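I opened a notebook page for this structure and kept the entries in the order in which I looked things up.

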Amino acid sequence: MREEKNETGFQPDAEQEDLIYRNNRELFYSFDPEKGYSRSVGYQYSANQEIIRQSWDAAEERLEAVRQKVLSGGVSPIAYHMERCLMEVPMLAAYMEIAAWRIRRHLKPAVYKKLSEKMKKRYAAVFGTDSLDINEK
């Protein structure tokens, strides 16, 4: 059941030119009664690729909505970076090693302004950035 592989070592499907995310590959299993199970790596089908595109578009829209909330003073920059990193409060609390209620409290702009630089640097390190400023890229 082995098929020829291209130069990257992966078997693309027939619609390779229409691929949205060329790095999204899946592991496919097949069963042959004589040879047993075999594995092959291939690109996701165009239907799956469209679902992925729609998901990332929705994530970008949510990120922009949170960015606008931060700019209007509705939430702290921590909310923006949480959305950017696709994190929820419990996950961020685990990474920060602090209680979830404290994370929720830090999402309030008035409380965020009172945070120490040390705590802000801890948040920045978890988010993989130098600063929590949302205007920096």
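Which residues does Ile 78 touch, not counting residues up to four places away in sequence? I found Leu 92, His 106, Leu 107, Tyr 112, Leu 115, Tyr 123, Phe 127 and Leu 132, where a contact means heavy atoms within 4.5 Å.

I noted that this is a predicted model, in which local features need pLDDT of at least 70 and side-chain atom pairs count only at pLDDT 80 or more, while totals for chains, interfaces and linings use all residues. Residues are numbered from 1 along each chain as its sequence is written, and side-chain values use heavy atoms, with hydrogens and water left out.

Next I looked up the fold and read the pattern β-β-α-α-α-α-α-α along the protein chain, with helices (H or I, at least four residues) and strands (E, at least two) taken as DSSP runs numbered from the N terminus.

Last, I checked two loops. Leu 86, between α2 and α3, has a positive phi of about 55 degrees although it is not a glycine, and Leu 86 is partly exposed at 43% relative accessible area (buried is under 20%, exposed over 50%, partly exposed in between, with a 1.4 Å probe and protein chains only). Glu 97, in the loop between α3 and α4 (100-106), is exposed at 71%.
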